[in-house]
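Please find my notes on this chain below. They are meant for a colleague who has not seen it before.

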Amino acid sequence: MEELERLNREVRSCRLCRLASTRKLAVPGEGPEHARIMLIGEAPGYHEDQQGRPFVGAAGQFLESLLARIGLTRRDVFICNVIKCRPPENRAPMPDELELCRPYLIRQLGLVKPEVVITLGRYSMELVFKGSSISKIHGTTRTIDGVTYIPMFHPAAALHQPRYRSLIEADFDRVPDILQELDRRNASPPPPEPAPPEQLSFF
Ligand code: SF4
């Protein structure tokens with residue numbers, strides 16, 4: 001936890017990019033130190049910037065309802081964003097801002113060590129599924145270095161365009177099956193060591 005708190009302090013005082021001069025509060029992220037699931041959104045919005053916490057506005061309420069569908073609360077998961085400070089007027093993050101902020105997210109992944117990472121929206125999807133279309137790959141899984149990534153639409157998309165609501169709900173509803181499958185794999189005994197080559201004997 002000490003390492004995560006140190007990282008949070010660094011983020012709160014970070015002035016690496018221009019967003020430091022327009023934010024009210026940086027939003028490092030929050031959740032249990034070794035959460036099984038990490039949710040990565042895009043960037044803080046108005047309410048997040050005011051409170052210094054991720055997903056506390058309307059999209060956050062919807063996210064909590066999605067978690068409740070699968071028996072979880074926000075206290076069970078680690079929630080953060082690709083960009084830790086609010087871009088003015090919620091504009092899209094710029095490439096240099098993404099570049100400068102990315103090391104914080106990489107450190108969070110290394111410290112929390114989640115088994116499952118749910119990317120919410122295009123910018124976090126791009127971390128793993130570069131060049132993909134979220135409309136085509138949402139809800140699918142890809143395992144890299146033992147971490148299972150699931151791209152999903154951003155909850156705010158469902159608020160603005162109701163047709164996305166049922167899609168993101170269906171994707172969330174698959175998460176328990178994915179966790180069960182991971183449990184099953186973790187519980188199954190490792191494959192037996194290959195038998196040593198038979199010793200040739202002359203007697
Ligand atoms: S967005 Fe990231 S890199 Fe830019 S000031 Fe905030 S914490 Fe630092």
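1. Basis. This is a predicted model, in which local features need pLDDT of at least 70 and side-chain atom pairs count only at pLDDT 80 or more, while totals for chains, interfaces and linings use all residues. Residues are numbered from 1 along each chain as its sequence is written, and side-chain values use heavy atoms, with hydrogens and water left out.

2. Overall layout. The chain holds nine helices and five strands. These are DSSP runs numbered from the N terminus: helices are H or I with at least four residues, strands are E with at least two. Read from the N terminus, the order is α-β-α-α-β-α-β-α-α-β-β-α-α-α. Along the principal axes, the C-alpha atoms fill a box of roughly 85 × 40 × 30 Å.

3. Of the 203 residues in the chain, 45% are buried. Buried means under 20% relative accessible area, exposed means over 50%, and partly exposed lies in between (1.4 Å probe, protein chains only). Contact means heavy atoms within 4.5 Å. Among contacts with a separation of 6 or more, 72% join residues 24 or more positions apart.

4. The core. The largest nonpolar core has 54 residues. Such a core is a set of buried Ala, Val, Leu, Ile, Met, Phe, Trp, Tyr and Cys residues joined through side-chain atoms within 4.5 Å. I37, L39, L63, I118, F172 and V175 touch the most other members. Helix α4 (residues 95-112) gives the most to this core, with five residues. In soluble globular proteins, nonpolar side chains tend to be buried together.

5. Which residues is I118 in contact with, leaving aside neighbours within four places in sequence? They are I37, M38, L39, I40, I150, M152, F172 and V175.

6. The ligand takes up the space of the largest cavity. A cavity is a set of points, on a 1 Å grid over the protein atoms alone, where a 1.4 Å probe fits but cannot get out. A molecule sits in one if more than half of its atoms lie within 2 Å of its grid points. Around the ligand are C14, L16, C17, L19, A20, R23, K84, C85, C101 and Y104. Each has a heavy atom within 4 Å of the ligand. This shell divides into eight nonpolar, no polar and two charged residues. Here Ala, Val, Leu, Ile, Met, Phe, Trp, Tyr, Cys and Pro count as nonpolar, Asp, Glu, Lys and Arg as charged, and the others, Gly among them, as polar.

7. Two positive phi values. F55 has phi near 50 degrees, a positive value in a residue other than glycine. F55 is in the loop between α2 (46-51) and α3 (58-69). Phi of D145 is also near 50 degrees, and D145 is in the loop between β4 (142-144) and β5 (147-152). Are these residues buried or exposed? F55 is buried because its relative accessible area is 4%. D145 is exposed, at 80% relative accessibility.

8. E3 and D173. E3 is in helix α1 (residues 2-12) and D173 in helix α8 (residues 163-173). E3 counts as partly exposed at 38% relative accessibility, and D173 counts as partly exposed at 33%. Not counting residues up to four places away in sequence, D173 touches R69 and I70. E3 and A26 are 18 Å apart, C-alpha to C-alpha, and 23 residues apart in sequence.

How values were computed: On a 1 Å grid over the protein atoms alone, a cavity is a set of points where a 1.4 Å probe fits but cannot get out, and a pocket is an open set with protein on both sides within 12 Å along at least five of seven lines; lining residues have an atom within 4 Å of a point.
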